[in-house]
Amino acid sequence: MLCQECKERQATLHFTKIINGEKTEIHICDVCAKEKGEHIPGSKSFSIHQLLSGLLDFDQTVSPVHSTGHTPSREALSCPSCSMTYEKFAKVGRFGCAECYKAFQSKLDPIFKRIHSGNVVHGGKVPKRIGQDLHLHKEIEKLKQELKVLIAKEEFEQAAELRDRIRSLEKSLAEKKEG
Amino acid sequence: MSLQQFISQAISPWMKKEGPNSDIVLSSRVRLARNIQNVPFPMLAATEELSALSDKINTHYSRQSHHRFGTIELLKTEDMKQNEKRVLVEKHLISPALSDESRAGAVLLSEDESLSVMINEEDHIRIQCLLSGFQLTEALKLANEVDDWLEDKLDFAFDEKRGYLTSCPTNVGTGLRASVMMHLPALVITRQMNRILPAVNQLGLVVRGIYGEGSEAQGNLFQISNQITLGKTEEDIVQDLQSVVLQLIQQERAARKTLMEQSRIQMEDRVYRSYGVLAYSRTMESKEATKRLSDVRLGIDMGIIKDVSANILNELMILIQPGFLQQYAGEVLSPEQRDHRRAMLIRDRLHLETKKNN
């Protein structure tokens, strides 16, 4: 297949871009790709972010033309820590800092849903040192669930043991907060 | 280990240890993206902030011994020549982005090159564990250990709801990208890849050419990785990928068997033609070289060619890339000169190999 830009050389890079169901195919040779700044191995690359920006921009593309103005305008959202605006985020496809996640909170669920197959909440590893309180919180939550099951099954002896463990964990959590 | 040693050894020591299912899976990789609390991500951070991070990591972790990886060395990209960076990219030890764009970029490398921690790439920290063959769970285990080791002195940006906070929304949560490099020539020959790829995509996995996003599959090599990083545990992500890879291994094996049973002569012809081209050509573009090497590799795995080890082809796949050719030549080469050198190099290696075995 010939490069669709120069129509001389063989196309060596093939992209398929699907945005809102609209499919675009790009077939291009190394030389033209370099000129256009598309991704080629070892060169400056930015293609995933270019593709992503189409995705992040989607609340603009699907919002009705006759906006009633009830939602906060996109321009108004910006990160107090690094000054990244939502508009710029949607354009470059990258956050400026960790605080952006809080600043753009109201917009993120639909984006994450699309990128991560419907998931919006982390379910994996928690860092040991800075996440210590979180570990305790999660452990307490888990034990409370188990306690409910035990009570429902009327296994009161085991339930009492579990209750004591929950109390001691809650105590150590409170002590940590004070200290 | 000095930069020169990392550059001069053509294939990384980890590659020499043959892993499970290495006739089809060349390597397994796990990457974890991490950022530091209260420092803007590299795209926006001031160069001083990024340098301070690189210095901090240098102080705490460089020339330290990790019980699993041996001595760890920190190399700064600003101290490297353009071609040296290129060689590290060709060995998959740093990314093109770190080589081209990074301010205050650095990499922590282990002795056997199975661990590389990129500093100030798209995220502040990217931990990468590379193992030969099909060893995804092992790679995840190692990456987790390094993550814990680094977390001891570094405060990672983490949020209870969103998990590890990353520069790109496609990495948030676990920050985990697990991938395997597979050689799937029989599935390509039997035209089954076109049917398999959409199915793999539907399972939330991505299939790419060997240099990652945007590159086509050269030499029938495919990189298969997870797309989703949020909402699942690290173990589940790796498990899902693992089960698909196992299926692909089985299908590739079945396709190879069918080819041998039904078109043995054609297969032998294809393999020996490619072998002949590699053994006698005077000039060769990298695209043809990877294609021919794929045929010969298939020939070795199918038992058609017996006097060449599969390892020499792993080595050649790395050596015939432009950065290595120029490093080897000690000068900048034009594309024509590279094609000439490439053909010469391949001839020499094949000749040495057959001589050794006869």
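**Domains, sheet and core**

A: In this predicted model, the C-alpha centres of domain 1 of chain B and domain 2 of chain B lie 31 Å apart. According to the domain assignment, domain 1 of chain B covers 1-17 + 27-173, and domain 2 covers 262-357. Where the two domains are in contact, eleven residues come from domain 1 of chain B and eleven residues from domain 2 of chain B.

The sheet of chain B may be considered next. It is an open sheet of nine strands, paired antiparallel, in the order β2-β3-β4-β5-β6-β1-β9-β11-β10. Its edges are formed by β2 (65-66) and β10 (205-208) of chain B, each of which pairs on one side only. Within the sheet, strand β5 (residues 115-119) and strand β6 (residues 125-132) of chain B run antiparallel and are joined by five bridges. In this region B:S116 stands opposite B:Q128, a residue of β6(B). In general, the strands of a sheet pair through backbone hydrogen bonds, either parallel or antiparallel.

Helices pack on this sheet. Helix α3 (residues 47-61) of chain B lies across β3 (70-76), β4 (106-110), β5 and β6 of chain B, and runs at about 160° to β3(B). Helix α9(B) also packs on the sheet, where it touches β1 (25-34), β9 (176-183), β10 and β11 (221-226) of chain B. The direction of α9(B) makes about 10° with that of β9(B).

The nonpolar core can now be described. The largest nonpolar core has 107 residues, of which B:I57, B:I125, B:I127, B:L150, B:L154, B:M182 and B:I224 touch the most other members. Helix α9 (residues 234-262) of chain B supplies the largest share of this core, with ten residues. Domain 1 (1-17 + 27-173) and domain 2 (262-357) of chain B each contribute at least three residues to this core. For one of its members, B:L150, the residues touched are B:Y61, B:V117, B:I125, B:I127 and B:F156, if residues up to four places away in sequence are not counted. Another core, of 25 residues, lies apart from the largest one and includes A:C100, A:I111, A:F112 and A:I115. In soluble globular proteins, nonpolar side chains tend to be buried together.

Chain A contains eight helices and two strands, and from the N terminus on its elements run β-β-α-α-α-α-α-α-α-α. Of the 179 residues in chain A, 37% are buried. An unreviewed UniProt entry carries the annotation "domain: UVR" for residues 137-172 of chain A. Over those residues the chain is 92% helix and 0% strand, with its end C-alpha atoms 11 Å apart.

Most residues other than glycine have a negative phi. B:R63, in the loop between α3 and β2 of chain B, has a positive phi, near 60°. B:R63 counts as exposed because its relative accessible area is 53%, where exposed means over 50%. In chain A, A:S83 lies in the loop between α3 (58-62) and α4 (86-92). The phi of A:S83 is positive, near 70°. A:S83 is likewise exposed, with a relative accessible area of 54%.

Note on methods:
Residues numbered from 1 in each chain as written. Chains lettered and ligands numbered in written order. Predicted model: local features only at pLDDT ≥ 70, side-chain atom pairs only at ≥ 80, totals over all residues. Heavy atoms only, no water. Core = buried A, V, L, I, M, F, W, Y, C linked by side-chain atoms within 4.5 Å. Buried < 20%, exposed > 50% of the residue type's maximum accessible area, 1.4 Å probe, protein only. Helix = DSSP H or I, 4+ residues; strand = E, 2+ residues; numbered from the N terminus. Domains from an automatic or database assignment. Contact = heavy atoms within 4.5 Å. Pairing = 2+ DSSP bridges. Axes fitted to C-alpha atoms, helices over the stretch in contact; angles between N-to-C directions. UniProt positions renumbered as here; feature names shortened; annotations may be inferred.
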